[in-house]
Protein chains: 2
Amino acid sequence: MCAAGADACLITANANLFYATGQVVAGYLYIPQQHEPLLFLRRPVGLSGDHIIYVRKPEEIIEILDQRGISPPKCIMLEGDVISHSEWLRYEAVFSGSAVINGTPAIRKARSVKTDFEISLFRRSGIIHSGVYRKIPQLYRRGMTDVELSVEIEREMRLAGSYGIFRVFGQSMEIFIGSLLAGDNAAAPSPYDFALGGKGQHPSLPIGADNTVLREGMAVMVDMGGNFTGYMTDMTRTFSVGKLPEHAYFAHQTALEIQAETARMAVPGAICENLWQRALDIADRNGLKNCFMGISQQAKFVGHGVGIEINELPVLGARSQMTLEKNMMIAIEPKFVIAGVGAVGIENTFWVTDSGGEKITLLDDQIMDLTA
Amino acid sequence: MCAAGADACLITANANLFYATGQVVAGYLYIPQQHEPLLFLRRPVGLSGDHIIYVRKPEEIIEILDQRGISPPKCIMLEGDVISHSEWLRYEAVFSGSAVINGTPAIRKARSVKTDFEISLFRRSGIIHSGVYRKIPQLYRRGMTDVELSVEIEREMRLAGSYGIFRVFGQSMEIFIGSLLAGDNAAAPSPYDFALGGKGQHPSLPIGADNTVLREGMAVMVDMGGNFTGYMTDMTRTFSVGKLPEHAYFAHQTALEIQAETARMAVPGAICENLWQRALDIADRNGLKNCFMGISQQAKFVGHGVGIEINELPVLGARSQMTLEKNMMIAIEPKFVIAGVGAVGIENTFWVTDSGGEKITLLDDQIMDLTA
C-alpha cells in the first residue's frame with residue numbers, strides 16, 4: 001500500500017475478501033494504514049466482532065469513519081482490474097475527497113507470496129487432488145466419451161471434498177472444474193487464455209471435452225482443478241487408451257525434462273521469462289517447438305501462480321520480468337499436442353524454495369494406460 | 001442504442017458476445033448504428049467471415065474503422081456494469097474522440113425479451129432439466145449427506161448434457177451448479193443474493209449444502225441450474241425424507257398458491273413489484289410472512305428473469321417498477337423456511353404470454369418423498 005502511494009484500501013471482491021478475512025462476505029473491507037481494518041458488512045446477517053459494522057450501502061462508510069474519529073484517506077486503492085466500472089464510480093463518489101488508484105496489481109503481488117498457513121492448505125489440497133487422479137484408470141470404461149470420463153472424475157473430486165467452484169482472475173476467463181482433452185480435440189483453439197484449448201460441447205463454453213469417443217491409441221489429458229481448501233492446486237496427467245505411438249512418449253519425456261529443468265530454476269530471484277525461454281529452448285532442441293503448448297494457437301507461457309484463483313501471479317511466460325520469490329506457489333505445465341494422438345505432458349504445483357520448486361501434487365508423472 | 005443516445009456499442013463480455021454472435025470469443029464486437037457490425041477477434045484462430053477482422057489488441061480498432069471509411073462514433077456504449085474499471089479506461093482511450101456511456105442497462109433490457117429461437121432453447125432445456133429432477137428419488141440412499149445427494153444430481157445433470165457452468169450477473173455472485181438445502185441449513189444466511197442461503201461446505205463458498213446428514217422428517221430443497229442449451233432454466237422442487245409435519249405441507253401449498261397467482265398476473269404490462277406485493281400478501285394472509293424467503297435474512301423478491309445468466313431482468317421484487325413484456329422468461333420461486341424441517345416451496349420457469357406465465361419446466365409441483 002505504501003509503495004503504491006495509498007494510505008487506505010477498500011476490498012470488495014470475493015477472492016480478495018476471502019484472502020483478507022478468511023470468508024466470503026458481501027461487504028466492504030476498509031484497511032487504513034494507520035488504524036485497524038473495519039469490515040462494513042451487508043450480508044450475511046448475524047456476524048459480530050469489534051471490527052464488524054453492518055451497513056446497507058457503501059455510502060454510509062464515510063460518516064461512520066467520521067463518527068469514529070478516523071480521517072478519510074488521502075489516497076485510496078480500489079480493485080480496478082476486478083470491480084466493474086460502475087462499482088468504481090460508486091466507491092469513488094463515496095471517497096470523493098480522496099485520490100483513487102488501482103490497487104489490483106499490488107494486491108495480486110501480495111497474494112502471490114504465500115504464508116505458512118496457505119502453504120499448508122496447498123499441501124493438503126495436493127494430497128487429495130493426487131488421490132482422485134490415482135483413481136482415474138478405475139473410472140474408465142471402454143467406449144466412453146471424454147465428457148463421460150470427465151463427469152466421473154468430477155464426481156470423485158466432489159466426493160473427495162471439492163467445492164467445485166473454479167475461480168479464475170479476469171472476467172473473460174471461465175471453465176467448469178477443468179478440462180479433459182482426448183485425441184485431436186486437444187488441438188482445437190479456444191478463446192480462453194488457458195494452456196490448451198479444446199472445442200467444448202457448445203459455443204457458449206468453447207473449452208475442453210467435446211464428446212469425443214475414447215479410442216485405442218488416443219492420449220487423454222486430464223487437467224481438472226482441485227478446490228479442496230479454498231486454495232487450488234493445479235495438476236495435469238496424461239493417460240493413454242492402450243499404447244501411443246513412440247513419438248508421443250518422446251514428447252512426454254521432453255515435457256518431463258522441461259518440468260525438471262524449470263522446477264530446478266524456480267528459486268527466489270529467478271526471472272520468470274527465463275523459465276519460459278528455457279522451456280522453449282528444450283522444446284526446440286528436441287524438434288518439438290511447433291507443437292509446444294498447442295499447434296495452430298500456442299500459449300506463450302509454461303506456468304503460472306496458483307492460489308484462491310487458478311491464474312495468480314507470476315506468469316512464467318514471454319515478457320514476464322517478474323522475479324520469483326520464496327513461498328510463491330506455481331504450476332509448471334509443459335504440454336505438447338501430437339496430431340492424430342492428442343495432448344501429452346505434465347502439470348504439477350510447486351512450492352518455490354531456496355533449493356528450487358518442491359512438488360506438492362504427489363503422483364507419478366508418467367503416462368498411465370487406462371486399459372492396463 | 002438510439003434511446004440511450006449512442007450511435008455505437010462495443011461488446012466484450014462473454015455472455016453478451018454469446019448473445020450477439022452465438023458463440024463466446026475473445027474479442028470486441030463493434031455495433032455501429034449506421035453500418036454492419038464488425039467482430040474484432042483475438043482468439044480463437046481460424047474463424048473467417050466478412051465481418052471478422054483479427055486484431056492483437058483493441059487499440060487497432062479505430063485505424064481499421066478509418067481504413068474502411070467508417071467514422072468513429074459520436075457516443076459509444078460500453079458494458080459499464082460488467083467490464084472492469086481498467087478495461088473501461090482502455091476502451092475509453094481507444095475511442096478518445098467519442099463520448100462514452102454505460103450500456104449495460106440497455107443491453108440487459110434488450111436481453112430480457114426473448115426471441116422465438118431463444119424460447120425454443122428454453123423449452124428444450126425445460127424438458128431435460130425436468131427429466132433429471134424426475135430421477136432424484138432414485139438417487140437417494142439412506143444415510144446420505146446433502147452434499148452426496150447433490151453430487152449424484154450434478155452427475156445426472158452433466159450426463160444429460162449440462163455444460164455445468166452457471167453464469168450469474170454481478171461479480172460478487174457465485175455458486176457451483178446450484179444449491180441443495182436440507183433441514184435447518186436452509187435457514188443459514190448467506191452473503192449472496194440468491195433466494196435462500198445455506199452455510200455451504202467452506203467459508204470460501206458459503207452457499208448451499210453443508211454436509212448435513214439427511215434424516216427422517218427433513219425437507220430437502222433442490223434448486224440446481226440446468227445449462228443444457230446456453231440458456232438456463234431455473235427450477236426448484238421440494239423432497240422429503242419420509243413424512244413432514246403438517247405445517248410444512250401447508251406452507252408448500254401456500255407457495256403453490258403464490259406461484260399460481262403470480263403466474264396468472266405475469267402478463268405483458270404487469271408491474272413487477274405488484275407480483276412481489278401479491279406474493280407477500282398471500283404469505284401474510286396465511287400467517288407465513290416471517291418465514292417467507294428466509295427467516296433471519298429474507299430475500300425481497302419472488303422471481304427474476306432467466307437466460308444466459310441465471311439472474312437476468314426483470315426482478316420480481318420490492319421497488320421493481322419494470323413492466324413485464326411478452327416473451328420475457330421468468331423464474332417464479334416462492335419459498336418458506338420451516339424451522340426444524342427445512343425449506344419448502346417451488347420454482348418454475350415461465351414464459352410471459354398474453355394469457356399469463358406458461359410453465360416450461362414441466363414436472364409435478366408437489367413434495368416428493370425420497371423414501372417412497
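Tutor: Residues are numbered from 1 along each chain as its sequence is written, and chains are lettered from A in the order in which they are written. In this predicted model, local features need pLDDT of at least 70 and side-chain atom pairs count only at pLDDT 80 or more, while totals for chains, interfaces and linings use all residues.

Student: Why are α8(B) and α9(B) called roughly antiparallel?

Tutor: Helix α8 (residues 246-265) of chain B and helix α9 (residues 272-285) of chain B pack at about 155 degrees, with axes 9 Å apart. Angles over 145 degrees count as roughly antiparallel, and α8(B) is therefore roughly antiparallel to α9(B).

Student: Which residues of α8(B) and α9(B) meet?

Tutor: Contact requires C-beta atoms, placed from the backbone, within 7 Å. Residues of α8(B), including Ile258(B) and Met265(B), meet residues of α9(B), among them Leu275(B) and Ile282(B). By class, this contact of α8(B) with α9(B) has 6 nonpolar, 3 polar and 3 charged residues.

Student: What makes α8(A) and α9(A) roughly antiparallel?

Tutor: The axes of α8 (residues 246-265) and α9 (residues 272-285) of chain A come within 9 Å and cross at roughly 155 degrees. The two helices of chain A are therefore roughly antiparallel to each other.

Terms used
Axes are lines fitted to C-alpha atoms, for helices over the stretch in contact, and angles run from 0 to 180 degrees between N-to-C directions. Helices (H or I, at least four residues) and strands (E, at least two) are DSSP runs, numbered from the N terminus. Angles under 35 degrees count as roughly parallel, over 145 as roughly antiparallel, 65 to 115 as roughly perpendicular and the rest as oblique. Two residues are in contact if their C-beta atoms, placed from the backbone, lie within 7 Å. Ala, Val, Leu, Ile, Met, Phe, Trp, Tyr, Cys and Pro count as nonpolar, Asp, Glu, Lys and Arg as charged, and the others, Gly among them, as polar.
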